Amino acid sequence: MKVKNILITGKPGCGKTTLIKDLICEINCEKVGFFTEEIREQGKRIGFKIITLSGKSGILASESYKTSFKVSRYYVSLQTFEELGVKELEEGLKKDCLIVIDEIGKMEFFSEKFREILFEVLESKNKVLGTIMFKSHPVCDRIKKREDTKVFILERENYPVIKQEVLKILKN
């Protein structure tokens, strides 16, 4: 089976989102999806922002939110995630494009809608470029084992090599 889903994993801080952003800039095709960025205040991480490739953004998680969805010290805004991230993936399914998902992880899994659309996206005709949590998780483990999926383990030292390998697959 041909690889169409490319997932990057690795320990926190290894450069997964940076690699996704680099790859997005180098691939010349229509792209739909989202990525996440840390929100920092005085050098301290206080939350995460979600940014769609269509130009919308919002706060995905924050220490100051009070929701019933929490990962570590961050409270997750399901409403923001579904209005931005999930909607973007729904749009991607309507097109012939590269679908970008940064990230497939604990915060995102609070959303039932995300879990449903994630599998639609992985099964679709579209190529998928994403990041996935490094630690074992039942859903992530199942995704990592898919025949149409290649998982790259990123470390700071192998960044250039992984970038070239992923580019080669995406350009085919």
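Predicted model: local features only at pLDDT ≥ 70, side-chain atom pairs only at ≥ 80, totals over all residues.
In soluble globular proteins, nonpolar side chains tend to be buried together.

**Entry on Phe-114**

I listed the partners of Phe-114, leaving out residues up to four places away in sequence. Phe-114 touches Phe-34, Phe-81, Val-86, Leu-89, Ile-101, Glu-103, Ile-104, Glu-108 and Phe-109.

**Entry on H2 and H4**

I next examined how helix H2 (residues 78-93) packs with helix H4 (residues 112-123). Their axes are 10 Å apart, and the angle is about 20 degrees. Angles under 35 degrees count as roughly parallel, so I recorded H2 as roughly parallel to H4. I noted the crossing of H2 and H4 as left-handed.

I then wrote down the residues that meet. From H2 they are Phe-81, Glu-82, Val-86, Leu-89, Glu-90 and Leu-93; from H4 they are Glu-112, Lys-113, Phe-114, Ile-117, Glu-120 and Val-121. Sorted by class, the contact of H2 with H4 has seven nonpolar and five charged residues, with no polar ones.

**Entry on H1 and H6**

I turned to helix H1 (residues 16-26) and helix H6 (residues 159-171). Their axes come within 11 Å and cross at roughly 40 degrees. The crossing of H1 and H6 is right-handed.

On the H1 side, I found the contact made by Thr-18, Leu-19, Asp-22, Leu-23 and Glu-26; on the H6 side, by Tyr-159, Ile-162, Lys-163, Val-166, Leu-167 and Lys-171. By class, I recorded six nonpolar, one polar and four charged residues in the contact of H1 with H6.

**Entry on Cys-14**

Cys-14 is found in the loop between strand S1 (5-9) and H1. Is Cys-14 buried or exposed? Its relative accessibility is 8%, so I counted Cys-14 as buried; the cut-off for buried is under 20%.

I then looked up what surrounds Cys-14. Leaving aside neighbours within four places in sequence, Cys-14 is in contact with Leu-154, Glu-155 and Arg-156. I also recorded that Cys-14 and Asn-158 are 144 residues apart in sequence and 9.9 Å apart in space, C-alpha to C-alpha.

Notes: Residues numbered from 1 in each chain as written. Heavy atoms only, no water. Axes fitted to C-alpha atoms, helices over the stretch in contact; angles between N-to-C directions. Helix = DSSP H or I, 4+ residues; strand = E, 2+ residues; numbered from the N terminus. Parallel < 35°, antiparallel > 145°, perpendicular 65-115°, else oblique. Left-handed = near helix turned anticlockwise from the far one by under 90°. Contact = heavy atoms within 4.5 Å. Nonpolar A, V, L, I, M, F, W, Y, C, P; charged D, E, K, R; others polar. Buried < 20%, exposed > 50% of the residue type's maximum accessible area, 1.4 Å probe, protein only.
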